[in-house]
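Visitor: I would like to learn how to read a protein model. Please take me through a few features, one at a time.

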Amino acid sequence: MALDTFANLKTTIASYLNRDDLTAYIPDFISLTEKRLNRELRVREMINSDTSITTVSGTQNYTVPTGFIEAISVIYQSDPYITLPFISNHDFYRNYNSSVTSGNPTFFTIVGDKIKLGVAPDQAVTLQIDFYKTVTALSDSNTTNDILTNYPELYLYGALAESSPFLMQDERLQTWASLYKEAVNKANESSSKGSSSTPLLMSARSVV
């Protein structure tokens, strides 16, 4: 059976588990896998570009886009555009506190769900944020996504591995966990090689 829809994925997981009493838990295994993918997977299918933010003169803080995980680039669309390097919170607060005169931002940092610009902008300019976005969750109403389409093994082996609290000493668990880790590492490596730029906040994930 093709692993191309939420329903087919659940059926295949149930077949691998071969346990009638776990059927009701399979959606939870899939949901837990998605949480893990958000932590460990970084592939181009997760990249999103947001230009919904317009800066306000004198304002340093802006809420990150919905589903934000990590920034790839932050671009201040002035004339010419300025690509803002990331700096640590410590360096940011040391150099770009509220007493600094406003102007064109030169760096950014992330604090909680806020992007902080240093220095505070002095005009209304579009802020382009290229970022890794959370995986769109599968459900009965959202039957597929780019990750399931291109990396179905991640969902399969991830969900099987998440069944460990129920299977306990089942020897299959180690195999499924190993296959999941190998699939994530290969996906990250492949995507990294296919990228022409280096993300600002992360390097290719290696799951151990």
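Visitor: By about how many helical turns are Lys186 and Glu182 separated in helix H7?

Guide: Lys186 and Glu182 are 4 residues apart in helix H7, so about one helical turn separates them. Helices (H or I, at least four residues) and strands (E, at least two) are DSSP runs, numbered from the N terminus. This is a predicted model, in which local features need pLDDT of at least 70 and side-chain atom pairs count only at pLDDT 80 or more, while totals for chains, interfaces and linings use all residues. Residues are numbered from 1 along each chain as its sequence is written, and side-chain values use heavy atoms, with hydrogens and water left out.

Visitor: What do the side chains of Lys186 and Glu182 meet in?

Guide: Side chains of opposite charge can pair when their charged atoms come close. Lys186 and Glu182 meet in a salt bridge, 3.0 Å from N to O; the term asks for a side-chain nitrogen of Lys or Arg within 4 Å of a carboxyl oxygen of Asp or Glu. Lys186 counts as exposed, at 52% relative accessibility, and Glu182 as partly exposed, at 38%. Here buried means under 20% relative accessible area, exposed over 50%, and partly exposed in between (1.4 Å probe, protein chains only).

Visitor: How many salt bridges does a search of the whole structure find?

Guide: The search finds 7 salt bridges. One of them joins Lys10 and Asp140, with the closest N and O atoms 3.5 Å apart. Lys10 lies in helix H1 and Asp140 in the loop between strand E7 (126–133) and H4, so the pair ties together parts that are 130 residues apart in sequence. Lys10 is partly exposed at 23% relative accessibility, whereas Asp140 is exposed at 64%. Asp170 and Arg172 form another salt bridge, at 2.7 Å between the closest N and O atoms.

Visitor: Which residues of H1 are buried?

Guide: In H1, the buried residues are Phe6, Leu9, Thr12, Ile13 and Leu17. They are on the same side of H1, because they cover an arc of only 135° around the axis; the arc is that of the directions from the helix axis to the C-beta atoms. Among the elements that cover them are helix H2 (26–40) and helix H7 (172–193). Asn18 follows H1 and has a positive phi, near 55°.

Visitor: How many aromatic pairs does a search of the whole structure find?

Guide: A pair of aromatic rings is described by the distance of the centres and the angle of the planes. The search finds 5 aromatic pairs. Tyr25 and Phe166 form a tilted pair, 4.5 Å centre to centre with 45° between the planes. Rings of Phe, Tyr and Trp (its six-membered ring) pair if their centres lie within 6.5 Å; planes under 30 degrees apart count as stacked, over 60 as edge-to-face and the rest as tilted. Tyr25 lies in the loop between H1 and H2 and Phe166 in helix H6, so the pair ties together parts that are 141 residues apart in sequence. Tyr25, Phe29 and Phe166 form one aromatic cluster.

Visitor: Is Phe108 buried or exposed?

Guide: Phe108 counts as buried, at 0% relative accessibility. The rings of Phe86 and Phe108 have their centres 5.5 Å apart and their planes at 65°, so this pair is edge-to-face. Phe86 is partly exposed, with a relative accessible area of 32%.

Note on methods
Contact = heavy atoms within 4.5 Å.
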